[in-house]
Amino acid sequence: MVSLEEVNVENVELKKEKKKKKKKRPIEEPEAETAEVEVPKKKKKKSKNITEEAENKEEPEQEEEGPFKKNFYTMSEKTTAMTKDEVKAYQAEHSIVLYGKGKKTFKPTLTFDELGFKKNIMKICGKFEKPTPIQAQCWPVLASGRDIIGIAETGSGKTLAFTLPALVHIKHRTSVEEGKRRGPIMLVIAPTRELAMQSQEVLDEASNLVKITSVCVYGGVPKYTQKQALKAGVEVIVATPGRLLDLMEEGCCDLSQVSYLVLDEADRMLDQGFERDIRKIISHTHPSRQTALFSATWPDSVRELAHEFLKNPIKVTIGSDDLAAGTRITQIVEVIDDRAREARLTQLLKEYHGSRKNRLLIFVLYKKEASRIESNLQRGGWNCTSIHGDKNQEARIQAVESFKSGKIPLLVATDVAARGLDIPDVDYVINFSFPLTIEDYVHRIGRTGRAGKKGISHTFFQSCDKARAGELVKVLKDANQEVPKEMHSFDLNIKKKEHKLYGSFGPKDYGQPMKKATKIVFDD
Ligand SMILES: Nc1ncnc2c1ncn2[C@@H]1O[C@H](COP(=O)(O)OP(=O)(O)OP(=O)(O)O)[C@@H](O)[C@H]1O
Ligand SMILES: [Mg+2]
């Protein structure tokens, strides 16, 4: 199937559990975003400055060419009337920076009607007051047919930023092609099953307004229904890579007509865990496609690769250029000993979850750790469930549903739930175990403080996490958050990342030798 993440490690885990020593982090394989990979050969790196200098060069706009119409944007009178100073003021207020050829032609659209899209399409924004900054700035770019890299904080509306212009693109093609086309027009690839399902729900909502059909292709469930939907014909596929490749190999899925491609959580999709699959999938899409990459984090390690899939892109960043931590999240960090964590967690639950009703998400690293914390909390009388890769898909969906509906207000999760999940009103995120990369930290805490709301994250930081101390302190400082004085006992120099999965999660941290390169095993 699909995707992701989960590495098959049970035998190893059993042996390791036995050896576990008190003060050391358990050596179980971390869940999700951390599959083992072949150690890559060092490539010559293009300097970031050179890439960005090139991106900044102005060039006259060119006539549209190629088999697909991609430009559907005419700047409205209202947008045109915006003065340079007004554009600059809006961009400064929201820390928006554009890179790329022709960037100055893309003024933000501050209201929905400025886009000039049909009413039925705009209904998808009906419940919102105005575009978020990433939408305001990305819609004109995407609707003009340009490739894009969009980086903006968690919970800032990136899904609609890439979905709304897609609807115009799709509707145009369906109207001119009338039954001649084989295969989908739009493909969205996401790293986890639950995120793929969530994005497809947004498209499903749109389908009631503009009559498009979509299917979510993900693993852990039988293929039959997905195959039937593909056979009947769909305009959009939202997929996790493993199952999509499976279905492609079985001849059930022809991507040759895909002209609008989105990699959601693009940095994750381009890291070593997924790179090979993504290359294969993209090579089957139409070469004249439009490509959109979106995330809240954009580490150096994926930038060069990203440009292989993009043509003359515009890059839009809201806030930081590489790590856009949620600005509405109060980040609390507590330096703590391993053995003190469980008792402290119970104390925090009494404090943060006194009502026993508000939603609270607890992140851990390992599948077994998730089960253990879940059982311990249940034994302590807390109403809680969990999501991790040892659970079957039905149980995973059930856990997210119960959490979303409020039936079960505590969710213990591995990093399968770190990215993209939009669960309303999660008041608190507790990091029981610190994640392996600072990017994961930003995504995890971003499950709270979404869509303009406030949230609190409370993070346990142990001495075994010291390799990430410098990066964490930088994130805290950049977001004007308090840095606990105990953090200063660690070396706060930011270490060069040693591993292509952006974190350094092998050698120094756990006193273990670097993990041996092995093939990634997805869960199906
Ligand atoms: N213009 C808008 N005004 C207010 N809320 C919006 C707007 N657009 C989208 N939203 C809502 O904001 C929430 C977060 O959106 P979304 O999931 O797209 O965020 P994201 O930027 O993709 O976050 P992440 O980085 O975590 O994936 C959703 O509930 C969505 O319905
Ligand atoms: Mg998202």
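**A ligand between two domains**

Domain 1 (53-318) and domain 2 (329-489) both contribute residues to the shell around ligand 1, so the ligand lies between them; the domain bounds come from an automatic or database domain assignment. This is a predicted model, where local features need pLDDT of at least 70, side-chain atom pairs count only at pLDDT 80 or more, and totals for chains, interfaces and linings use all residues. Residues are numbered from 1 along each chain as its sequence is written, while chains are lettered from A and ligands numbered from 1 in the order in which they are written.

Let's start at the ligand. Of the 17 residues around ligand 1, Phe 128, Gly 157, Lys 158, Thr 159 and Ala 451 come nearest (a residue is near if its C-beta atom, placed from the backbone, lies within 6 Å). The shell splits into five nonpolar, nine polar and three charged residues; here Ala, Val, Leu, Ile, Met, Phe, Trp, Tyr, Cys and Pro count as nonpolar, Asp, Glu, Lys and Arg as charged, and the others, Gly among them, as polar. With three residues, helix 7 (residues 158-177) gives the most to this shell.

Now zoom out. The protein has 19 helices and 14 strands, taken as DSSP runs numbered from the N terminus (helices are H or I, at least four residues; strands are E, at least two). Of its 524 residues, 48% count as buried, that is, with 20 or more other C-beta atoms, placed from the backbone, within 10 Å of their own.

Next comes an open sheet: six strands in the order 9-14-13-10-12-11, with parallel pairing (two strands pair if DSSP finds at least two bridges between them). Strand 9 and strand 11 (384-387) stand at the edges with a single partner strand each, so one side of each has no neighbour in the sheet. On average, neighbouring strands of this sheet are turned by 20° against each other, direction ignored. Strand 9 and strand 14 run parallel and are joined by seven bridges, with Ile 329 standing opposite Gly 455 in strand 14.

Helix 17 packs on the sheet, touching strand 9, strand 10, strand 13 and strand 14, and its direction makes about 155° with that of strand 13. Contact here means C-beta atoms, placed from the backbone, within 7 Å; axes are lines fitted to C-alpha atoms, for helices over the stretch in contact, and angles run from 0 to 180 degrees between N-to-C directions. Helix 17 (residues 438-445) is mostly covered, with eight of its eight residues buried. Its buried residues also pack against helix 11 (266-270) and helix 18 (469-478).

Conventions: Buried ≥ 20, exposed ≤ 12 C-beta atoms within 10 Å, placed from the backbone. Contact = placed C-beta atoms within 7 Å.
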